Amino acid sequence: MNTAFTRRNLLALTGATGLVTLAGCGDKQSAAPESPAASGVGQGTFPVSIKHALGTATIEKAPTKVVTIGQGAAEAAIALGAFPVGTETYTWGADKDGHLPWVREAFEKAGKALPKTFAGGEQLDVETIATLEPDLVLAPWSGLTQKQYDLLAEMCPVVAYEKTPWTTTWEKEITTVATALGRPADGEKVITDLKKTLSDAAAEHPDWKGTTFSYIYTQGQGTLGVYLPTEQRVAMISSLGLTPDPATASIKAKDGSDWALIGLENADKLDKSELIFTWYMDTATKKQVLSQPLYASIPAIKRDTVVTSEDPQLITAMSMINPLTVPWALPKITPLIDAAVKKLGK
């Protein structure tokens, strides 16, 4: 670790931006990680240089302490044999320790100590990351900011997203993680295997083929948002043979993201969606959203050809494509889609 990375850096950044969480603040050199396992990645081919939106990461040798930020990177790394020593915690969909169930299962199956979890997002807990003394931070599908990146890059190579926060495709994420681990060929195999898993599931359900759908969300009363066809959760459903409503393809996000608020007044844009995929924060929110006449007038909502779940873990699993979530989620999604398609008379 770069010794220039000091507590003073953390305090300076916090004072300037409020980006860093300093709860339990202590000297990074005296705060040892509790019991994270070494990443355990194979040798791979190095050095590797990855240019991304926030800089360039040069990885000189096989990392032994990988930390992941955002979604999907931990799962991709695990699939490639690199068990992270630290992962961003989840406040929704995770267990009491902040671990997603498929991540916990993978560690326990491999006999590895669970990774240390830390706060992410705007309150990224850089100090806890520092105590882990990582030699690689993977954040290819994240909202990492330039200031957060600059601080982390003082510790070790950091791999962020290629262009825009939270817009990395699942294939690109796996490719990026595999490249950073010096194992691009293994990454290609993971992608090939995942595509086969999804195409096999599609082949087992020919009645799903061509069924149009929209994947929507709300952010409070009067709002309506649409995930665009490139977004990972839409890509996952598309890979199962269903077709994104063409109306969603014409929606443009103002900030380059792959989701967009269109407003409840434009709910009629979804009139031709045979199925609606969505999620609600909780039962009370669901009741409130459904009480809105414009929302309730969407044909798929009205006829209840809706695929959703009250299980936050399943909703989280459905939001990304990676080697751990797909096999975990498919058996749970399948009956939900079957039930909705059956209501269409297919």
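Helices are taken here as DSSP runs of at least four residues, numbered from the N terminus, and in this predicted model Thr334 is found in helix α14. With a relative accessible area of 17%, Thr334 is buried, because the term applies to residues under 20%. When residues up to four places away in sequence are not counted, Thr334 touches His205 and Trp208. Thr334 is also separated by 8.7 Å from Ala201, C-alpha to C-alpha, although the two residues stand 133 residues apart along the chain.

The protein chain as a whole contains 14 helices and 13 strands. Of its 346 residues, 51% are buried. Among the contacts in the protein chain with a separation of 6 or more, 72% are accounted for by residues 24 or more positions apart.

Helix α14, which spans residues 325-343, also carries Trp328, and this residue forms a pair with Trp102 of helix α3 (residues 101-110), so that parts of the chain 226 residues apart are linked. The pair is one of eight aromatic pairs in the structure. A pair of aromatic rings is described by the distance of the centres and the angle of the planes. For Trp102 and Trp328 the ring centres are 4.9 Å apart and the planes stand at 65°, and the pair is therefore edge-to-face, since planes over 60 degrees apart are classed in this way. Both partners are buried, Trp102 with a relative accessible area of 2% and Trp328 with one of 11%.

Arg233 is in turn in contact with Ser319, as are Gln71, Trp141 and Gln232, when the neighbours of Ser319 within four places in sequence are left aside. Ser319 belongs to the loop between α13 (312-317) and α14, and with a relative accessible area of 5% this residue is buried.

Helix α6 (residues 170-180) and helix α7 (residues 184-203) have axes that come within 7 Å and cross at roughly 150°. The two helices are therefore roughly antiparallel, a description used for angles over 145 degrees, and α6 passes α7 in a right-handed crossing. On the α6 side, the residues that meet α7 are Trp170, Glu171, Ile174, Thr175, Ala178 and Thr179. Their counterparts in α7 are Pro184, Gly187, Glu188, Val190, Ile191, Leu194 and Lys195.

Among the strands, β4 comprises residues 86-88 and includes Glu88. This residue counts as buried, at 16% relative accessibility. Apart from residues up to four places away in sequence, Glu88 touches Thr68, Ile69 and Gly70, together with Gly98, and also Phe118, Ala119, Gly120 and Gly121. Between the C-alpha atoms of Glu88 and Leu124 the distance is 8.5 Å, while in sequence these two residues are 36 residues apart.

Methods:
Residues are numbered from 1 along each chain as its sequence is written. This is a predicted model: local features need pLDDT of at least 70, side-chain atom pairs count only at pLDDT 80 or more; totals for chains, interfaces and linings use all residues. Side-chain values use heavy atoms; hydrogens and water are left out. Rings of Phe, Tyr and Trp (its six-membered ring) pair if their centres lie within 6.5 Å; planes under 30 degrees apart count as stacked, over 60 as edge-to-face and the rest as tilted. Buried means under 20% relative accessible area, exposed over 50%, partly exposed in between (1.4 Å probe, protein chains only). Axes are lines fitted to C-alpha atoms, for helices over the stretch in contact, and angles run from 0 to 180 degrees between N-to-C directions. Angles under 35 degrees count as roughly parallel, over 145 as roughly antiparallel, 65 to 115 as roughly perpendicular and the rest as oblique. A crossing is left-handed if the near helix is turned anticlockwise from the far one by less than a right angle, and right-handed if clockwise. Contact means heavy atoms within 4.5 Å.
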